[in-house]
Amino acid sequence: MKSRIQLDPKIVVCIVYVIAMFMVSMDGTIVNVILPTISNEFNLDPSSTSGINIGYLVSLAVFLPVAGWLGDRFGTKRIFLIALGVFTAASFLCGFANNLQTLNLFRVLQGAGGGILTPVGMAILFRTFSPEERPKVSRSLVLPIAFAPAIGPIVGGFFTEQLSWRWAFYINVPFGIMVLLIGVLFLKEHKEPTAGRLDLPGFLLSASGFSMMMYAMNIGPSKGWDSPVIMYTGIIGAVLVLSFILLELRVDQPMLDLRLLSDRLFRTLGTISLFSMAGLLGMLFVFPLMYQSALHASALESGLTTFPEAIGLMVASRMMPLTTKKLGIHQVIQMGLLSTIIIYTLISLVGPTANPWLLRALLFSVGVCLGHTVVAIQYSTFTNINSASMGMAATLFNVQNRIGSAMGVAILASILGAAGADTMGTNGHVNLSSYQFALFGSAILLVIALLFAMRLKKDDFKATIPKQDRANSLDVKPVKSG
């Protein structure tokens, strides 16, 4: 009777991972939508609300690099649940904030939880599933990675118009509590005996360097890259990050094991993911702005127009078993990027005044095509990474993705400023060419990803194919494991 009420550990991990990562992934785009409403309620200038996001991102940049070590040293279950508890409690406090100062403080706390939560959750997931099993869980991976950012503006717009901006934070609380209960009861603990002590110099360098770089990348487009504050912050941050890299390559027990990049597949897929995230998040940043500026649409209306991209991602996750079997993972990644580049270019040419259903069809196609690439990368990146290194590898992968996301938004926001200044012409009409040029820039980011993807080979992904299928899918003899 007891065995009937026990849950499959793999099902538990999928449920916990998907819900927790969905909360974190949606948080960024849902908050962007509610910033104008917050500034009105607190009687503030809209620009002053930028700290709500900056504090979160800087805090995330501080804690993200150390997450892998924390999970290995104190246990992935313990650290994951603590981080989730911090994120959930901070979400509740953000909803109760009655002034900008307390809201900024609670957002910093929320960023600390989110920075630790993501890589530790990914480490738990990939320790649970072998490389052969990971393609089967691709449907779980796509939800928090790409579906959540697309649905965020819709949820944020709905809450702002129908309830209150505070519900954009309260929504995390019931889901956070549910995941905490499931995790406490059913997750299994995992520690790495070789974790060692904290690399304190590495932590100080990474915390200061990454936070300064994140600040510069997020404020630079609006404040101006020639601003002394941005220039000095960015340069000092880059120097500190470079020092951190050199230090981590020399110490015996680094906080972030950069030696993992010596694996060609991990390094190549990580780089592809960095530029893919830059292109995807950049597009999701520019297109809603362009749609609202051209048609004077609300945030909710623009979110609904962008939403087909998320549906396309869901379709892609369903198609993955068939497409990878017929084409191979390397060609799925390459063709997904190439198709998305073409679609991005079409979107930049037709502009927001095109037939709405044409735009929705194009965005749906983006989800299908880029969804194949994103999901394939997620379950293939850690193919050659052993269990002991999984925590460090997941942290490194997430650091790269976070840098890519910030870089994509910063580059495209800078293109907007350079091409269209205030994006308004002298006659009061919106300068659509600036938005279209920025969208074309997102396609260029994917071109860079494609150049790296062309280095992938069929044999790189043998470990992800079930043994019984390898002889048919690969023109090579099966290799011995280990």
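A: Let us begin with Leu-446, which counts as buried because its relative accessibility is 0%, where buried means under 20% relative accessible area, exposed means over 50% and partly exposed lies in between, computed with a 1.4 Å probe on protein chains only. Please keep in mind that this is a predicted model, in which local features need pLDDT of at least 70 and side-chain atom pairs count only at pLDDT 80 or more, while totals for chains, interfaces and linings use all residues. Residues are numbered from 1 along each chain as its sequence is written, and side-chain values use heavy atoms, with hydrogens and water left out.

Q: In which helix does Leu-446 lie, and which residues does Leu-446 touch, not counting residues up to four places away in sequence?

A: Helices (H or I, at least four residues) and strands (E, at least two) are DSSP runs numbered from the N terminus, and Leu-446 lies in helix H18, which covers residues 432-453. A contact means heavy atoms within 4.5 Å; apart from residues up to four places away in sequence, Leu-446 touches Phe-275, Ser-276, Gly-279, Leu-337, Thr-340, Ile-341, Tyr-344 and Leu-370. Leu-446 and Ile-272 are 174 residues apart in sequence, yet their C-alpha atoms are 8.5 Å apart in space.

Q: How many helices and strands are there in the chain, and what percentage of its residues is buried?

A: The chain has 19 helices and 0 strands, and buried residues make up 56% of its 482 residues. Among the contacts with a separation of 6 or more, 81% are between residues 24 or more positions apart.

Q: Which residues are in contact with Gly-176, leaving aside its neighbours within four places in sequence?

A: Gly-176, a residue of helix H9 (residues 172-186), is in contact with Met-23, Leu-84 and Thr-88 once those neighbours are left aside.

Q: Is Asn-53 buried or exposed?

A: Asn-53 has a relative accessible area of 16% and is therefore buried. This residue lies in helix H3 (residues 50-63), and, leaving aside neighbours within four places in sequence, Asn-53 is in contact with Val-31, Asn-32, Leu-35 and Arg-107. Asn-53 and Arg-107 are 54 residues apart in sequence and 7.6 Å apart from C-alpha to C-alpha.

Q: At what angle do helix H14 and helix H15 pack?

A: Two packed helices are described by the angle between their axes and the distance between the axes. Axes are lines fitted to C-alpha atoms, for helices over the stretch in contact, and angles run from 0 to 180 degrees between N-to-C directions. Helix H14 (residues 308-327) and helix H15 (residues 329-350) pack at about 110°, with their axes 7 Å apart. H14 and H15 are therefore roughly perpendicular to each other, since angles under 35 degrees count as roughly parallel, over 145 as roughly antiparallel, 65 to 115 as roughly perpendicular and the rest as oblique. On the H14 side the contact is made by Met-320, Thr-323, Thr-324 and Leu-327, and on the H15 side by Ile-329, His-330, Gln-331, Val-332 and Met-335.

Q: Where in the chain is confidence lowest, and where is it highest?

A: The score to read is pLDDT, the predictor's confidence in each residue, from 0 to 100. Confidence is lowest in helix H1 (residues 2-5), with a mean of 46, and highest in helix H5 (residues 76-96), at 92. The pLDDT is below 50 over residues 421-427, a stretch with 11 contacts in the model beyond near neighbours in sequence. Over residues 470-482 the pLDDT also stays under 50, and there the model has 15 contacts beyond four places in sequence. Where pLDDT is low, the predicted coordinates should not be read in detail. The chain as a whole averages a pLDDT of 80, and 87% of the residues score at least 70.
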